[in-house]
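Me: Hi! I have a model open on my screen and would like to talk it through with you.

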Amino acid sequence: MIFTILTLFPSLFESPLNESLIKKARDRGILDFNIVNVRDFALDQHKTCDDYPFGGGAGMVMKVEPILGAMRHVEQQMGGRPHFTLLTPHGRLFSQDVASGMARRNHVVLICGRYEGVDERISSYIDDEISIGDYVLSGGEAAALVVIDAVARLVPGVIGNEQSSMDESFRESLLEYPQYTRPQCINDLEVPSVLLSGNHEEIRRWRRKESIRRTILRRPDLMDRFTASQEDRRFIREIMEELGE
Ligand code: 6GU
């Protein structure tokens, strides 16, 4: 899978895309990255990429022509029209489902806008607009890295099956259960004894209940699209009783 990134700050991507999982996937030829400097496609001598907003107001607006120039360059380079996504705070919300959809594409282009915005006419040329959450970033670059990380781990071969089942559990809309490793005791903080019992069925039940407890306490919104089994409904009743005590 190829990610092309259109940005005014190409150097921001150097280290994050050359470490760990993504670096290994690159070395194995599973992922490829193509970083394009939008400034190279500015039309004037000064390489201007932003300008004052029509109608007045604070901040600058990113111009359309340099982005369009970079998009045409990518089409010619790749011999076809890839899927173009603009990263912007007013896009639709990124999620595990959006990531799965992207992971099925051969070539995704991520366009990093600056936070004050891109000239609205860019929307006539792109396929999707995505935001990663309800907070303000100074540009789409950090968001692009989030999207790349989430999508890359869904591309076959990038990680083992063990990990991918963890990503699946988020689609089931429950938070992960608490994890522990050695030592068994740190400053009086003990590992829950059930995890040392060797009883796999008891461990499974404990983890399931703790996943549900966390979700109820931290992300009650996720419970709306959770379909509980008979066992889950019993756990929910128990958790509610425990909370009431
Ligand atoms: Cl994609 N861009 C910016 N600038 N801010 C954001 C965002 C994107 N997603 C959340 N906040």
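Me: Here are my questions, one topic at a time.

Me: Before we start, what kind of model is this, and how are residues numbered?

Reply: This is a predicted model, in which local features need pLDDT of at least 70, side-chain atom pairs count only at pLDDT 80 or more, and totals for chains, interfaces and linings use all residues. Residues are numbered from 1 along each chain as its sequence is written, and side-chain values use heavy atoms, with hydrogens and water left out.

Me: Thanks! How is the protein divided into domains?

Reply: Domain 1 covers 2-152 and domain 2 covers 167-242; the bounds come from an automatic or database domain assignment. Taken over C-alpha atoms, the centres of domain 1 and domain 2 are 37 Å apart.

Me: Which residues touch the most other members of the largest nonpolar core?

Reply: Those are Phe 3, Leu 31, Phe 94, Leu 110 and Val 151, in a core of 31 residues. A nonpolar core here is a set of buried Ala, Val, Leu, Ile, Met, Phe, Trp, Tyr and Cys residues joined through side-chain atoms within 4.5 Å. Buried means under 20% relative accessible area, exposed over 50%, and partly exposed in between, using a 1.4 Å probe and protein chains only.

Me: And which elements give two or more residues to this core?

Reply: Strand E1 (2-7), helix H1 (20-27), helix H3 (96-103), strand E6 (107-112) and helix H4 (141-152) do. H4 gives the largest share, seven residues. Helices (H or I, at least four residues) and strands (E, at least two) are DSSP runs, numbered from the N terminus. There is also a second, separate core of 21 residues, with Leu 8, Val 36, Leu 68 and Met 71 among them.

Me: Let me zoom in on Phe 3. What does Phe 3 touch?

Reply: Setting aside residues up to four places away in sequence, Phe 3 touches Leu 31, Asp 32, Phe 33, Asn 34, Val 108, Leu 110, Ile 148, Val 151 and Ala 152. Contact means heavy atoms within 4.5 Å.

Me: Asn 34 is in that list. Is Asn 34 buried or exposed?

Reply: Asn 34 counts as buried because its relative accessibility is 15%. It lies in strand E2 (residues 32-37). Leaving aside neighbours within four places in sequence, Asn 34 is in contact with Phe 3, Thr 4, Ile 5, Gln 77 and Met 78.

Me: Now helix H3. Why is H3 described as largely enclosed by the rest of the structure?

Reply: Because six of its eight residues are buried. The buried ones in H3 are Gln 96, Val 98, Ala 99, Ser 100, Met 102 and Ala 103.

Me: Changing topic: which residues surround the ligand?

Reply: Leu 87, Thr 88, Pro 89, Tyr 115, Ile 130, Ser 131, Ile 132, Gly 133, Tyr 135, Leu 137, Gly 139 and Ala 143 do.

Me: Which atoms pair up with nitrogen atoms of the ligand?

Reply: An N or O atom in the side chain of Ser 131 is 3.3 Å from a ligand nitrogen. From the backbone, a polar atom of Tyr 135 is 2.6 Å from a nitrogen atom of the ligand, and an N or O atom of Leu 137 lies 3.0 Å from a ligand nitrogen.

Me: How much of the ligand does the protein bury?

Reply: The protein buries 100% of the 290 Å² that the ligand exposes when taken alone. Those areas come from the Shrake-Rupley method with a 1.4 Å probe.

Me: Last topic, the backbone. Where is the cis peptide bond?

Reply: A cis peptide bond joins Arg 182 and Pro 183, with omega about 5°. Pro 183 lies in the loop between helix H5 (161-171) and strand E8 (185-186).

Me: And what is phi for Ser 20?

Reply: Ser 20 is not a glycine, yet has a positive phi of about 55°. Ser 20 sits in helix H1 and is exposed, with a relative accessible area of 52%.

Notes:
A residue is near a molecule or strand if one of its heavy atoms lies within 4 Å of it. A polar contact is a pair of N or O atoms within 3.5 Å; within protein, one must be able to donate a hydrogen and the other to accept it, and residues adjacent in sequence count only if both atoms are side-chain atoms.
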